[in-house]
Amino acid sequence: MGVYSRLTNRSMIKRQERKSKTLGTLIKQKYLFMMLFPSLLYYFIFRYIPMYGVIIAFKDYNFISGIWGSKWVGLKYFKQFLQNPYFFRTLRNTFIISINSLFWFFPVPIIFAILLNEVKNTQFKKTIQTVTYLPHFISIVTVVGLLKQLTSPTTGVINAVIMTLGGNPINFFMEKGWFVPLYVISAIWSDFGWGAIVYIAAISGIGQELYEAASIDGAGRFRQIWHITIPGIMPTVVILLILRMGSLLDVGYEKILLMYNEGIYETSDVISTYIYRNGIRQANYSFGTAVGLLNSTVSLALVIMSNYISKNVTEVGLW
Amino acid sequence: MVKNNSKIQAFDVVNVILMLFLMGVALYPIVYEIAISLSSASYVQANKISVFPKGFNFDSYKNLVQYRIFWISYKNTIVYSVLGTLINLTLTSTLAFCLSRRELLFRKQITLFIIFTMFFSGGMIPNFLLVNWLGIYNSIWAVVLPGAISTYNMIIVRTFMSGIPEEVIESVRIDGGNDLQIFSRIVLPLSKSAFATVGLFYFIGHWNSYFGPMIYLSDKSLQPLQVILKEMIVDQNIEGLGLRMSDLKDEMPTSEMFTAASIVLSIIPVLCVYPFVQKYFVKGVMIGSVKG
């Protein structure tokens with residue numbers, strides 16, 4: 001008994017020592033923590049309280065009772081969404097838009113970076129970069145505005161060309177079949193230059209002596225690209241591709257909201273736009289939160305999965 | 001050898017032409033928009049504009065001058081962007097500084113606490129309800145506070161600050177300086193270029209955002225430019241201008257031209273500043289991609 005109490009005494013003293021040491025460091029770092037405090041408060045209020053707020057997905061939320069007072073309803077809203085005819089449609093559209101963006105957009109910055117690398121005049125190269133990065137800084141509202149003006153059936157230049165060639169004007173924004181192409185093409189316009197930055201950097205990391213050796217061996221430009229440039233940027237390509245898979249559910253809903261209309265919901269309504277219409281516009285808060293929770297849970301799973309694959313394949317991961 | 005040379009030249013010629021084409025593609029929609037805004041209505045309605053304005057005049061802009069809500073929203077955008085960026089930079093720099101200090105107590109736990117929010121969030125509706133609950137709905141704070149720190153930008157600054165040699169910081173400490181002095185005298189001045197980068201990211205983000213303001217602001221006089229543009233473009237709503245269908249004669253600017261003029265005015269600041277600050281943006285992407 002005595003031995004035991006002496007032991008606990010000793011470990012208690014040790015713990016106290018550690019505690020006072022921590023306290024000492026804390027006092028020493030008081031300015032750091034003073035600086036840290038507003039930011040931590042921000043993360044707590046604006047990031048973690050909403051995470052706690054997702055419990056309204058399992059409740060019948062209304063403004064008067066608040067989060068705590070509202071009645072628990074279990075999985076009611078999840079079931080409501082899964083049995084909803086729009087569940088399949090929004091899920092399908094999310095994947096179709098996401099996969100099409102990936103398939104058509106992903107190679108463009110890579111090809112652009114490789115070809116840009118072949119431009120030898122530095123000043124010209126810089127000008128190209130400046131000009132092609134510009135669309136990235138144009139707001140999505142403006143991008144959609146430009147797109148609408150260009151494709152306008154009455155005053156748009158694209159339809160003017162179609163009519164000169166003898167075709168009939170197309171009302172692009174009213175046609176179901178044109179939504180995904182318009183979405184993808186405008187995304188490529190916005191980011192083909194900006195997306196190339198990472199690859200341009202990867203290419204500049206390739207040793208110049210490799211190119212010199214290859215050219216002495218008689219390799220032409222295409223063979224140099226094939227045997228040196230492409231293998232040189234392959235790790236970057238693989239990492240970005242895998243990480244992109246992790247955000248397969250994140251489609252640019254802010255842009256879709258500006259582009260779609262009731263007539264083409266069939267091909268354009270995605271999970272997030274559905275949440276916006278039902279959750280915010282029609283104030284079905286619990287239902288919208290449930291759909292959002294489902295969405296972000298699957299998203300998180302995809303990120304974890306793609307990170308796991310990335311770590312195994314390339315030994316680089318997000319964490 | 002000679003054959004090889006001519007082959008190289010052919011490649012270069014094709015490549016240069018392709019690059020010029022891509023530059024054209026990047027610029028064309030903007031050029032087209034400017035052309036429409038400066039043309040006269042009869043040419044626009046006959047769909048005769050392709051690159052250059054026809055029937056050159058400033059009527060669209062003259063009409064825009066009378067559109068009060070446009071200028072109010074322009075002023076709002078400037079206020080939100082400036083105030084928002086100041087808040088962003090204050091919080092981002094102090095947080096990044098603390099996390100870049102290796103001796104910080106609970107550094108690992110705090111970092112985890114912050115990084116986790118990059119992968120999981122409450123989602124659109126809990127955020128919307130939070131803004132209501134805090135009582136900042138329909139106020140400037142609903143626009144500038146929810147996005148006060150971008151974790152991605154914070155990591156860019158932290159990575160940059162971690163690169164400052166430890167000896168420089170130690171030298172201040174030996175002279176009796178505390179963490180506040182290390183921050184203000186050494187780290188802040190040395191991190192100017194990182195601030196330029198993320199400051200511009202933040203500023204452009206505020207300037208271009210419409211979704212937050214759209215759902216958090218109900219008062220028309222509080223709305224920023226992008227929301228007003230969105231109403232013109234998507235909802236075709238140009239109320240308050242006093243233009244009625246019967247007013248739209250041939251010489252009056254059409255709604256397309258009016259929208260075009262608004263779009264041009266909204267991107268002019270970006271176009272003017274962009275060439276000079278472009279290098280900072282690129283730098284930011286580089287730091288961010290090294291240590292995401």
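1. Domain division of chain A. Chain A is divided into domain 1, covering 2-74, and domain 2, covering 77-314. The structure under discussion is a predicted model. In chain A, the C-alpha centres of domain 1 and domain 2 lie 40 Å apart.

2. Contact between the domains of chain A. Six residues of domain 1 of chain A are in contact with six residues of domain 2 of chain A. On the side of domain 1 of chain A that touches domain 2 of chain A, four residues are nonpolar and two are charged, with no polar residues.

3. Confidence. The model carries an ipTM of 0.89 and a pTM of 0.89. For chain B, the average pLDDT is 87, and 90% of the residues score at least 70. Where pLDDT is low, the predicted coordinates should not be read in detail.

4. Interface between the chains. In the model, 67 residues of chain A are in contact with 76 residues of chain B. The element giving the most to the side of chain A that touches chain B is helix 2 of chain A (residues 30-53), with 14 residues. By class, the side of chain A that touches chain B has 41 nonpolar, 21 polar and five charged residues.

5. Helices 13 and 17 of chain A. The axes of helix 13 (residues 221-246) and helix 17 (residues 285-314) of chain A come within 7 Å and cross at roughly 160°. Because angles over 145 degrees count as roughly antiparallel, helix 13 of chain A and helix 17 of chain A are roughly antiparallel to each other. The crossing of these two helices of chain A is right-handed.

6. Residues at that crossing. Helix 13 of chain A contributes A:Pro235, A:Val238, A:Ile239, A:Ile242, A:Leu243, A:Met245 and A:Gly246 to the contact. From helix 17 of chain A come A:Leu302, A:Val303, A:Ser306, A:Asn307, A:Ile309, A:Ser310, A:Val313 and A:Thr314. The contact of helix 13 with helix 17 of chain A comprises ten nonpolar and five polar residues, and no charged ones.

7. Domain division of chain B. Chain B is divided into domain 1 (2-45) and domain 2 (63-290). The centres of these two domains of chain B, taken over C-alpha atoms, are separated by 32 Å. Nine residues of domain 1 of chain B are in contact with eleven residues of domain 2 of chain B. Helix 1 (2-38) and helix 2 (41-45) of chain B are the elements that give two or more residues to the side of domain 1 of chain B that touches domain 2 of chain B. That side of domain 1 of chain B divides into four nonpolar residues, four polar residues and one charged residue.

8. Helices 4 and 11 of chain B. Helix 4 (residues 68-100) and helix 11 (residues 192-208) of chain B pack at an angle of about 140°, with their axes 9 Å apart. Helix 4 of chain B is therefore oblique to helix 11 of chain B. Helix 4 of chain B passes helix 11 of chain B in a right-handed crossing.

9. Residues at the crossing in chain B. On helix 4 of chain B, the contact is made by B:Thr77, B:Tyr80, B:Ser81, B:Gly84, B:Thr85, B:Asn88, B:Leu89, B:Thr92 and B:Ser93. Helix 11 of chain B supplies B:Phe195, B:Val198, B:Gly199, B:Tyr202, B:Phe203, B:His206 and B:Trp207. The contact of helix 4 with helix 11 of chain B has seven nonpolar and nine polar residues, and no charged residues.

Terms used:
Residues are numbered from 1 along each chain as its sequence is written. Chains are lettered from A and ligands numbered from 1 in the order in which they are written. This is a predicted model: local features need pLDDT of at least 70, side-chain atom pairs count only at pLDDT 80 or more; totals for chains, interfaces and linings use all residues. Two residues are in contact if their C-beta atoms, placed from the backbone, lie within 7 Å. Helices (H or I, at least four residues) and strands (E, at least two) are DSSP runs, numbered from the N terminus. Ala, Val, Leu, Ile, Met, Phe, Trp, Tyr, Cys and Pro count as nonpolar, Asp, Glu, Lys and Arg as charged, and the others, Gly among them, as polar. Domain bounds come from an automatic or database domain assignment. Axes are lines fitted to C-alpha atoms, for helices over the stretch in contact, and angles run from 0 to 180 degrees between N-to-C directions. Angles under 35 degrees count as roughly parallel, over 145 as roughly antiparallel, 65 to 115 as roughly perpendicular and the rest as oblique. A crossing is left-handed if the near helix is turned anticlockwise from the far one by less than a right angle, and right-handed if clockwise. pLDDT is the predictor's confidence in each residue, from 0 to 100.
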